[in-house]
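Hi there,

Here is the structure I promised to pass on. Have a look at it first, and then read my notes below.

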Amino acid sequence: MRKVFLICLVIFLMVVTGCSGKNQKSTVEETSIEPKAGGELVISDATDANTLDPHKATTAASMRYIENMYSTLLRYKSGTYGELEGDLAKEYSISEDGKVYTFKLHEGVKFHNGDPLTSKDVKYSIERIIANEVRAPQFEFVEKIETPDDHTVVITLKQPVAPFLTFLAYPMNAIVNKNVVEQNNGSLDKADAGSGPFQLVEWKKDQHLILEKFPDYFVKGKPYLDKVIWKPIADNTARTTALRNKEIDIMLQVEPQDIKKLENNNGIVVKSVTGTFWEYLGLNTSKGPLANKKVRQAIAWAIDRESLNKLVKFGQAKVLTGGPIPEGHWAHDNSNIYPKRDLEKAKQLMKEAGYEKGFKVTLKVSPKQDQVNAAQIIKQQLKEIGIEVEVLTQEPSIFFDALGKKDFEMTVVGWVGFVDPDEYLYNIFHTGEIWNQQNYSNPKVDELLEKGRVTIDQEERKKIYADAQKLIAEDAPMVFLYVNKQTSAFVDSVKDFDVNPTVTTISLRDTWLDR
């Protein structure tokens, strides 16, 4: 066994986390003033959560709440894209064959109900993740979990798994309190079984979530804030106005058209970093015309990504012409599968597929304004190759429920927060996986994604994921559109809030108010 301490992850994490010497860096507000304890912070995003259960959550909005209530073995390090540091684990070691992980836990950690957190809770939580299926594929190679004492966890894998540490740091792979789970009949949809910096006070759906400082949090002196109030505000204008009027302190995600408006306001700080939020036109491949690869390719050629970027994103997004992994990530593939719009090629493919006269299709979208705008533009662009699109806007809860049930033909939506290339691709494009909402299946892609997961050498992985992205782009179960900047805005009294590419808000643990 070789000891690997959390402050010395450099070489190993370059392999397992999606980091390299060219890491994207996020922005942390640095101050020379001693942090002040106390105060109430109000933060807003466009949508509300659909559950508070970390092991069942599938939406970004749910994650924002949950990651502040729960702890994980490892966590994303503030100010970085994908670097890891210890959370519940104060140190760990990895066997020479890369299959045995031994974690030493901090002592004296308590859950919010006062129960002590032990290694048995870690074991129970991973087993619960596997049982709940949402992220079970991340732990499919776990052979056994042992707890030789209350503060030691030994996880043995059947074979090396390159992104395993990243999986353990994912905020939804949280450590939960078995007692609380059982007291709530197995459901944490509205309960708090965490040990994180903030504990649940109240959640009123579509109104607010109130969290307050957990006084027995195991990191001494943290958090600084007494209370965090989340307010979902769907309308961009209303959200922007609320920040300008100082009704909220942080606007987590600023739309491109609002950036200039906010930059011109005294007392408001606007910060942007290269983001990981990529958006796409999803095509359900299971039936009808969209089951035909040539039809999907025709759609991919008919979409004018540059025009969409200008009209919807004010030119501030980065157009995707190949796979979804963005520039700056070591696994980015710069193949230009769809370098620019080609209507003639699109029409020819429609003809070859037997749909020269076109067809009708429904495109479902949530009320997120820029995605509604993108849907309307896509409707006009596809009309030019004979596809008649009906845009159906649905409330978020209805929309995401339908998406999860694969009840759609077309959709405009996005993913955010991924670190390792496995997270970008495996659960979304591997046959039968939980987030493969397009019903996509290609045995060659499956083989590559399975190989990428267990290959440790980064250069080999890069080739594997480049090949996989080319195949996926050519099969077009999604028409990749663009990657967004991550821009947040906040009043200037907010200090040490990390504007992070993954849109994580775990830095609220370190955030304080200078007022």
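Let's begin with two helices. Helix H9 (residues 305–313) packs against helix H11 (residues 369–383) at an angle of about 140°, and their axes lie 10 Å apart. Helices here are DSSP runs of H or I with at least four residues, strands are runs of E with at least two, and both are numbered from the N terminus. The axes are lines fitted to C-alpha atoms, for helices over the stretch in contact, and angles run from 0 to 180 degrees between N-to-C directions. From H9, the contact (heavy atoms within 4.5 Å) involves Ser 307, Leu 308, Leu 311, Val 312 and Lys 313. From H11, it involves Asp 370, Asn 373, Ala 374, Ile 377, Ile 378 and Gln 381. Sorted by type, the residues of this contact are 6 nonpolar, 3 polar and 2 charged. Here Ala, Val, Leu, Ile, Met, Phe, Trp, Tyr, Cys and Pro count as nonpolar, Asp, Glu, Lys and Arg as charged, and the others, Gly among them, as polar.

A word on where this comes from: the model is predicted, local features need pLDDT of at least 70, side-chain atom pairs count only at pLDDT 80 or more, and totals for chains, interfaces and linings use all residues. Residues are numbered from 1 along each chain as its sequence is written, and side-chain values use heavy atoms, leaving out hydrogens and water.

Now for the salt bridges, meaning a side-chain nitrogen of Lys or Arg within 4 Å of a carboxyl oxygen of Asp or Glu. The count comes to 26. One of them joins Lys 222 and Asp 510, at 2.7 Å from N to O. These two sit 288 residues apart, Lys 222 in the loop between strands S11 and S12, and Asp 510 in the loop between strands S21 and S22. Lys 222 is buried at 18% relative accessibility, and Asp 510 is buried at 16%. Buried means under 20% relative accessible area, exposed over 50%, and partly exposed in between (1.4 Å probe, protein chains only).

Another salt bridge pairs Lys 260 with Glu 263, at 3.7 Å from N to O. Both are in helix H7, 3 residues apart, so about one helical turn separates them. Lys 260 is exposed at 59%, while Glu 263 is partly exposed at 41%.

Finally, Glu 255, Glu 279, Lys 313, Lys 368 and Asp 370 are linked in a network of salt bridges. Lys 313 and Asp 370 also take part in the H9 and H11 contact.

Enjoy exploring!
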